[in-house]
Amino acid sequence: MKIMKFGGTSVGKPERMHQVKDLITRDSEKKIVVLSALSGTTNALVGIGEALAEANKDLAKERIDILHEHYLKFYKDLLKTETARVKAEKIIKEHFEFLNIILKISFNEAINRDILAQGELLSTKLFYTLLQELDIPAVFLPALDFMSIDENSEPELKKIAEKVKAILANYPNDRIFVTQGYICKNHRNEVDNLKRGGSDYSASLIGAAVNAEVVEIWTDIDGMHNNDPRVVDKTRPIAQLSFDEAAELAYFGAKILHPASIWPAQMYNIPVKLLNTMEPEAAGTTITAKEQGTGVKALAAKDGITAIKIKSSRMLLAYGFLRKVFEVFEKYKTSIDMITTSEVAVSVTIDDLSHLEDIVKELEAYGIVEIDNNQTIISVVGNMIAESRGTLAKIMNSLADFPVRMVSYGGSRHNVSLLVDAKYKNDALKSLNNGLFEW
Ligand code: ADP
Ligand code: ASP
Ligand code: MG
């Protein structure tokens, strides 16, 4: 069994959906096909939710209508036969009626998550209709029947595996299964999701659940590049990464992978391949347990970071101080990305600011607290970075013109993290690109 996940751009146009159909029918292997929403749809649904949250029903209605128009055109270009078109019309009608009903009822967070789920429901149903039109045998697997998260929004892998296996056992002879990425049920049995970009996570979780041979992430670029192609002109794909390296890159901002999408595959030692739907023969990136080569492989940057410094000459060296500080973050379920310490202060970074005020208030009991908003973590990822001669010097030289707020190395051999003000991010990435890679 293999998992083939196709992202928004890969299903975003009728001709691309046909390409996806070609890719999943190239061989007769058993496969679970995980689809994202058509590109732009989740953003549009977020916009509808935002308008409703502001009680601006006219704007929400306008946004629903624009999206509706898009789908009314999409299915006509996707499907040729009358039967298939009638099915598609019914699907689109059902989902847009749902959105229009929401306009009339009072809005809340649970309803917002229902809105966000419409994208993946639409894309998979339309794709399944295409397969039916072409007489390609396939089974439709609703993700809401098996994908679930607990009260801490963590996926319930054991339950997911039990449910998926039980469902698959009903179809011993089928070879193609189609399901939604991103969406799931939460502990209150409401519709929820795995956060933006979550279809990668779905694919990896399903891969782990069925112990797949490989998880293929099909996207709009030929693999993980050595720097952010949206920021830097010159980048190139990386043929091979270890799970640890890929996890660091994903966590620290490489948008091609959802931040948490590596651990399920890593746990069951399932190779993950990053492949390009528009260029299927390109080698892409293969991610396995194997650690290969030494030195820097790639850079990534994570925005929206806040640095918190707690300064206390009296207490830092006293044992138990760090525990007290960390307990504050634990209490507010806020995870820390970077940590640096000196004799008189400790600095940490967070990306979830929802409890910042409370956290600061409690930390003030232990010292003077200073906050720096709008920071970016730049991560230099590779294998045995500091052991590779001259690398740390090259990193620092490349950043000579930028004030660096924090530096962290030693947590793993795969990563050096540097914190800079967000305004320096692009130039710092470019400078590191020139300083660290041969072109
Ligand atoms: P999908 O819709 O298929 O999930 P995403 O937009 O989520 O695709 O991810 C692919 C995009 O990630 C690429 O188009 C690219 O702009 C961006 N990206 C950011 N960093 C990297 C990187 N290091 N390597 C490759 N792509 C990256
Ligand atoms: N459609 C969702 C998003 O845009 C999930 C995904 O594409 O992975 O975030
Ligand atoms: Mg994505």
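Glu120 has a polar side-chain atom 2.6 Å from a nitrogen atom of ligand 2. For Ser36, a polar side-chain atom lies 3.1 Å from an oxygen atom of the ligand.

## Residues around ligand 2

The residues around ligand 2 (a heavy atom within 4 Å) are Ser36, Ala37, Thr42, Glu120, Tyr182, Arg196, Gly197, Gly198 and Ser199. By class, this shell has two nonpolar, five polar and two charged residues. Here Ala and Tyr count as nonpolar, Glu and Arg as charged, and Gly as polar.

## Met396

Met396 is placed in helix 13, residues 391–398 (a DSSP run of H or I, at least four residues, numbered from the N terminus). Met396 is partly exposed, with a relative accessible area of 38% (buried is under 20%, exposed over 50%, partly exposed in between; 1.4 Å probe, protein chains only).

Neighbours within four places in sequence aside, Met396 is in contact with Val407 and Leu418 (heavy atoms within 4.5 Å). The C-alpha atoms of Met396 and Phe127 are separated by 49 Å, and these residues are 269 apart along the chain.

## Conventions

Residues are numbered from 1 along each chain as its sequence is written, while chains are lettered from A and ligands numbered from 1 in the order in which they are written. Because the model is predicted, local features need pLDDT of at least 70 and side-chain atom pairs count only at pLDDT 80 or more, whereas totals for chains, interfaces and linings use all residues; side-chain values use heavy atoms, with hydrogens and water left out.

Notes:
Polar contact = N/O pair within 3.5 Å; in protein donor to acceptor, adjacent residues only side chain to side chain. Helix = DSSP H or I, 4+ residues; strand = E, 2+ residues; numbered from the N terminus.
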